[in-house]
Every structure is written in C-alpha cells, then in structure tokens.
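Here is a short note for a colleague who is opening this structure now. Please read the points below with the model on screen.

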Amino acid sequence: MILKNFWYVAASSVEVNSTPLARTICEIPVVMFRTGAGAPAALRDMCSHRRAPLSKGRMLGDNIECPYHGLQFDPVGRCVKIPSQEEIPRKAHICSYPVVERWGVVWIWMGDPDLADPAGIPHKPWRADPAWNSENVHYFHIKASHLLMTDNLLDLLHVSWVHVNTIGFAADAVREDPLVTEVSECMVRNTRVIRNIEPAAALRSWGDFAGRVDRTSVSDWTPPCFTAIHFLNRDPVTTIEFRLDHLITPETARSHHYWLLVSRNFRIDDEELTRKVFEDNSRVAAEDMDIVEAQQRMIDLSPGSVDMPLRQDRGLVAAHRILDRLAKQENAEAKRNAG
Ligand code: FES
Ligand SMILES: [Fe+2]
C-alpha cells in the first residue's frame with residue numbers, strides 16, 4: 001500500500017520553474033510550476049474539461065493554460081478562464097496539493113489536506129549549514145516498488161556484494177557483524193562500526209587514506225520510506241563525514257522516484273572532489289537500481305512467493321511492521337471520513 005498522509009519529495013528545487021513539470025506521485029499525475037513570486041505550486045495534471053494533461057500547456061503569468069481548449073487555472077487550481085464562455089462552473093476547478101520547499105527539494109502532501117503540517121517534514125539541518133557542502137542532489141527513476149528500495153536501504157548486508165567495487169568492504173567483516181538494530185515506534189536505526197579495515201575503493205580517493213580506517217554508519221529509517229545515513233571513515237589523521245539522505249517517493253505500485261542528497265563537511269570547496277563524489281555515488285545508486293529492478297522482475301514472475309529473512313534483516317522486518325500498522329491506521333481513518 002502507498003501511504004498518503006506523509007510529505008514526499010516531488011522534485012528538486014531546480015527542477016521547478018516557469019516550465020510545467022509533469023510527475024506521477026503516489027499514482028496521481030501532478031503538474032508543478034513556480035509562480036512569479038517564486039512559490040512552487042502543484043496541481044492535478046488533468047484538465048477538468050476533457051482530461052488533457054495541463055503539463056503540455058503553457059504558463060500565462062501565474063496561471064497554466066490547458067493546451068486543448070485554453071482553460072486557465074491559477075496556482076491553487078481555480079479555473080479562472082474559459083475562453084469559449086463567460087460562466088465558470090464550480091466543477092471546472094481542479095485539485096491542488098500542498099507543497100513546501102525545504103532542504104533543496106519540493107515536498108508534496110498527497111493525503112488529507114487538513115493533516116498537512118510542515119512540521120512533519122524530516123529535519124535536515126546540515127543541508128542549510130555553511131560548514132557542509134550540499135551541492136550533490138541525485139534523482140533516479142526506478143522500475144520497482146518503492147518498498148524494494150526502502151528495504152535495500154535497511155538491509156546493510158548487501159553492501160559487501162552489490163557495492164564491492166565502490167563503497168563495499170570485505171565480506172568477511174559481516175561474519176561477526178557488529179550490526180546493531182534499534183527499533184522504536186516510528187524509527188529503525190541500524191548502526192555498524194567496523195574497525196581497522198581497508199577503505200572501500202571510492203573512499204580511498206575521497207579521504208586520501210593511506211592505510212586502514214574505522215568505518216561507522218548510522219542509518220535512521222523513518223516512515224514512509226526515508227533513510228538518513230551518517231557515514232564516517234577515519235584514520236589517525238583524517239576523518240571524512242557524510243550525511244546521505246535517501247528520499248523515496250512512490251510513483252506507481254511498480255515504480256518510484258529516488259532522491260539522494262549528499263552532504264559532506266570536509267574539503268567543501270573542492271569542486272573536483274564534488275564531481276568525483278557525484279560520479280561515485282551515481283555508480284553506487286546504479287548498482288542498487290540494477291539489483292532492485294531485477295528483484296522486481298523475479299517477484300512479478302513468481303506470484304505468491306515470499307522472502308526468507310536472515311538475522312541481519314531484523315531492521316527491515318521491523319520497518320515492515322511499522323508500515324503495516326500505519327497502513328491500517330490510514331485505512332481506518334479513510335473509512336471513518338467516508339462514513
Ligand atoms: S481538455 Fe482542457 S480545455 Fe479542453
Ligand atoms: Fe546499496
């Protein structure tokens with residue numbers, strides 16, 4: 001199930017401008033644009049007249065014009081003009097969605113608008129802190145359920161296999177794995193500290209490490225499908241520290257949008273390093289994308305099949321329980337409101 005009563009990322013800030021941007025979010029086609037005053041707006045991407053996509057239309061000031069017969073809609077979805085008649089029926093208005101721009105992305109609320117409290121947007125202060133470089137924003141479109149990518153981020157066992165050539169560490173280290181999983185009502189934290197290991201291939205160049213390092217990752221998963229990773233590697237002279245924000249937005253039941261926001265607090269003005277980190281993280285994400293899309297294909301070919309969880313998957317199993325509970329709550333609320 002796709003949870004609706006949450007803030008999701010709809011776009012990076014730079015994507016939203018005076019050209020309409022079409023994106024399907026939680027199975028609903030949405031068009032986004034920015035008003036002259038700079039505020040982002042999001043409307044249902046379907047004209048009330050004959051259901052043409054407004055995203056194929058053009059902006060006339062702050063209003064968007066349908067490309068089919070010229071109806072115009074303002075940034076909150078009110079139909080403000082029907083060129084072929086004076087009267088504007090109430091049914092001409094279309095749905096708009098609350099949006100908030102924060103931490104370099106535009107957040108959208110697809111659920112009950114009365115519950116849309118911006119205080120629910122995850123807190124990412126490092127993205128506004130001048131001591132951190134937060135330039136790298138990645139976007140990926142992935143042909144797999146958003147839950148598979150969420151699971152991937154909760155399942156740290158895969159790092160030694162899927163990312164063997166990038167950020168992985170020697171698989172031996174997971175035999176006596178120091179993975180600690182803590183579960184609270186609405187969070188799963190996976191902490192893994194591995195001491196005195198060879199730095200991963202990508203890390204060697206990021207940190208300029210000569211020898212072995214202590215590697216720490218603390219991954220906080222929160223519903224619906226966000227994972228914030230605090231990643232540190234240090235040797236006696238150097239410490240490199242990243243904040244990796246993995247923000248997943250369902251598109252359909254079988255596809256999702258995936259934003260990865262990368263922040264670091266070392267060599268923050270080193271443009272060459274910024275480029276290198278971007279390339280390396282693109283490769284890491286492509287490795288995840290490849291396995292997750294392949295996994296979805298197998299699942300689609302095997303209806304009724306189930307996972308066989310390992311001890312290492314306890315965080316993932318706990319997150320599924322939280323999601324099930326929230327889905328039941330949301331269903332019950334929707335029934336109450338309908339009844
Ligand atoms: S379909 Fe949009 S104006 Fe007719
Ligand atoms: Fe991964």
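1. Strands are DSSP runs of E with at least two residues, helices are runs of H or I with at least four, and both are numbered from the N terminus. Two strands pair if DSSP finds at least two bridges between them.

2. Strand 2 and strand 3 (residues 28-34) are joined by five bridges in the antiparallel sense. Ala22 has Val31 of strand 3 as its bridge partner.

3. A word on the basis. This is a predicted model: local features need pLDDT of at least 70, side-chain atom pairs count only at pLDDT 80 or more, and totals for chains, interfaces and linings use all residues. Residues are numbered from 1 along each chain as its sequence is written, chains are lettered from A and ligands numbered from 1 in the order in which they are written, and side-chain values use heavy atoms, with hydrogens and water left out.

4. Now the whole protein. It has five helices and 17 strands. Its radius of gyration is 22 Å, close to the 20 Å that the globule rule gives for 339 residues, so the protein is as compact as a globular protein of that length. The radius is taken over C-alpha atoms, and the rule is 2.2 Å times the number of residues to the power 0.38. Along the principal axes, the C-alpha atoms fill a box of roughly 75 × 50 × 35 Å. Of the 339 residues, 52% are buried (under 20% relative accessible area; exposed is over 50%, partly exposed in between; 1.4 Å probe, protein chains only).

5. Which residues hold the iron ion (ligand 2)? The donors are His158 (NE2), His163 (NE2), Asp288 (OD) and Asp288 (OD), at 2.1 to 2.4 Å. Donors are N, O and S atoms within 2.8 Å of the metal (3.2 Å for Na, K and Ca); water is not among the atoms, so sites may look incomplete. The donor residues follow the spacing H-x4-H-x124-D. His158 lies in the loop between helix 1 (146-154) and helix 2 (159-162), while Asp288 lies in helix 4 (residues 271-301), 130 residues apart. His158 is buried at 12% relative accessible area, and Asp288 is buried at 5%.

6. Thr249 deserves a look. Thr249 sits in strand 16 (residues 239-252). Its relative accessibility is 0%, so Thr249 counts as buried. Leaving aside neighbours within four places in sequence, Thr249 is in contact (heavy atoms within 4.5 Å) with Tyr8, Val9, Ile25, His256, His257 and Trp259.

7. Tyr8 stands opposite Ile108 in strand 10. Strand 1 and strand 10 (residues 105-109) pair in the antiparallel sense over five bridges. The open sheet here has three strands in the order 1-10-9, with antiparallel pairing.
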